[in-house]
Amino acid sequence: MTVVRIKSAVSNPVEKSDGTPRPFIALEDIEKGTGRLLTSQLAVKAAGDSVAHRAGDVLFSKLRPYLAKSYIATEAGTATGELLVLRPGPRVAPEFLFYLTLSRPWIEWATTTAYGSKMPRTSWELVAEHRAWLPSVEEQRRIAGFLDAETAHIDRLAGDYGKLKALFIERHQRVIDSNFEPIEDTTIPLKYMVRFIEGPGIMAEDFRSSGVPLVRLRGLKDGNVTLTGCNYLDAAMVAKRWSKFALRLGDRVISGSATMGEVSSVTSPEVVGAIPYTGLIILRPTSPEVDMDYVECFLQSSSFFKQIDALKAGAAMQHFGPTHLAQIRMPLPDMGTQLQISKEVKRATSQMQQMRDLVDRQLSLLAERRQALITAAVTGEFDVSTASGRGVAE
């Protein structure tokens with residue numbers, strides 16, 4: 001078995017764009033782990049700081065290499081400088097090099113040798129030292145052809161699961177809307193029932209290693225407010241400046257930016273007293289006539305989002321806040337009807353989350369299987385001429 005350092009068979013030409021408009025590949029255009037483009041139409045740019053590549057070059061992300069973003073170029077163009085241009089020499093088939101950069105040994109090498117903690121990067125000098133099995137070019141092409149067929153099969157399964165997940169979400173939305181449609185004729189302004197408090201703008205220099213949690217957008221998870229991805233604030237500073245924003249048990253928090261409309265409940269005592277970051281809006285009842293579970297269900301309805309969309313019409317609105325929520329109108333039936341609607345929606349939500357989690361697990365297993373198959377093939381663990389691939393790494 002011939003094992004070589006990558007630098008002996010692959011080069012890293014760094015050719016800056018000459019300023020001519022060409023198809024441009026950005027990091028966000030490449031899907032992690034699959035090597036597929038996420039866009040059907042690349043942007044055409046004349047960026048002078050981009051790097052040029054040609055057909056057959058393999059582009060590998062040096063930023064956060066653990067994301068396994070790699071792409072084999074089908075035409076000449078330019079790309080962000082965050083992509084390494086790997087040009088195969090005569091001993092390497094481009095398709096084999098592409099799969100090699102998606103294999104576990106390559107990703108682990110690129111990740112462990114990367115530098116920087118928050119934004120880890122690798123470099124050509126680092127990945128060039130990676131040692132890889134290099135069979136004959138004919139065998140490399142046979143391996144690549146085998147992997148093309150097998151990964152296409154896996155990708156079709158993943159696509160089917162993705163469609164199934166979309167159907168679950170669509171059905172869940174229909175259940176929510178069907179509960180509100182019969183009562184939409186009589187509405188009142190939401191501001192008469194609920195108080196809105198947007199989280200304060202806090203600078204990074206106020207962050208501490210411990211103290212009072214600062215809830216971030218990532219903390220809104222599966223309908224609950226959590227401390228996932230939180231920062232921390234000095235307790236004395238919170239008491240002096242931000243105490244009025246402290247979360248209470250039973251509060252609802254809705255995202256007014258990024259994933260606009262995502263709403264979650266404060267159900268855990270560990271979140272009580274935490275401060276929501278700017279862009280997150282606290283909802284608290286101001287009337288005994290409204291059930292907050294009902295309000296939470298309404299905020300997931302198409303009626304709510306249609307009203308938000310109407311406010312956005314004609315404006316470059318990337319964020320909504322208390323002033324926008326104050327213009328929203330909500331049906332307000334009697335308390336018994338509110339509780340019944342909440343019960344129906346919560347049950348549908350629980351069922352949808354269970355099915356979504358099951359699908360996500362299957363998608364995760366397919367991604368693991370894909371990489372295991374690629375790794376086994378490009379490292380020579382099995383003979384592709386006799387393997388079907390479907391029994392590998394099961």
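## Stop 1

Select glutamate 31, which is partly exposed, with a relative accessible area of 23%. Here buried means under 20% relative accessible area, exposed over 50%, and partly exposed in between, with a 1.4 Å probe and protein chains only. This is a predicted model, in which local features need pLDDT of at least 70 and side-chain atom pairs count only at pLDDT 80 or more, while totals for chains, interfaces and linings use all residues. Residues are numbered from 1 along each chain as its sequence is written, and side-chain values use heavy atoms, with hydrogens and water left out.

A salt bridge is a side-chain nitrogen of Lys or Arg within 4 Å of a carboxyl oxygen of Asp or Glu. Arginine 36 counts as partly exposed, at 34% relative accessibility.

Next, select aspartate 155 and arginine 370. They form a salt bridge whose closest N and O atoms are 3.1 Å apart. This pair links distant parts of the chain, with aspartate 155 in helix 4 and arginine 370 in helix 9, 215 residues apart. Helices (H or I, at least four residues) and strands (E, at least two) are DSSP runs, numbered from the N terminus. Aspartate 155 is partly exposed at 21% relative accessible area, whereas arginine 370 is buried at 6%.

## Stop 2: a pair within one helix

Move to arginine 142 and glutamate 139, whose side chains meet in a salt bridge of 2.2 Å, N to O. The two are separated by about one helical turn because they are three residues apart in helix 4. Arginine 142 is partly exposed, with a relative accessible area of 38%, and glutamate 139 is buried, with 15%. By the rule used here, the count comes to 20 salt bridges.

## Stop 3: the two largest pockets

Which residues lie nearest the centre of the largest pocket? Select His172, Gly223, Val263, Gln300 and Met352; they belong to a lining of 25 residues. The grid behind this has a 1 Å spacing over the protein atoms alone: a cavity is a set of points where a 1.4 Å probe fits but cannot get out, a pocket is an open set with protein on both sides within 12 Å along at least five of seven lines, and lining residues have an atom within 4 Å of a point.

The largest pocket holds about 630 Å³ of space. Grid points are joined across faces, edges and corners, and a volume is the space filled by probe spheres set on the points. Colour helix 4 (137-180), strand 19 (263-265) and helix 9 (335-378), which each supply at least two residues of this lining. Helix 9 provides the largest share, six residues. By class, the lining has seven nonpolar, 12 polar and six charged residues. Ala, Val, Leu, Ile, Met, Phe, Trp, Tyr, Cys and Pro count as nonpolar, Asp, Glu, Lys and Arg as charged, and the others, Gly among them, as polar.

The second largest pocket has about 530 Å³ of space. Select Lys32, Gly33, Thr34, Ala367 and Arg370, the closest to its centre among 21 lining residues. Helix 2 (104-112), helix 4 and helix 9 give two or more residues each to this lining, and helix 9 gives the most, with seven. The lining divides into 11 nonpolar, three polar and seven charged residues.

## Stop 4: glutamine 353

Select glutamine 353 in helix 9. Glutamine 353 is partly exposed at 22% relative accessible area. Leaving out residues up to four places away in sequence, glutamine 353 touches Asp222 and Gly223, where contact means heavy atoms within 4.5 Å.

## Stop 5: the cavities

The structure holds two cavities of 30 Å³ or more. The largest cavity has a volume of about 50 Å³; to find its lining, select residues including Pro23, Leu42, His53 and Tyr71. For the second largest cavity, with about 30 Å³ of space, select Val4, Phe96 and Leu134, which are among the lining residues. That lining has nine nonpolar, no polar and no charged residues.
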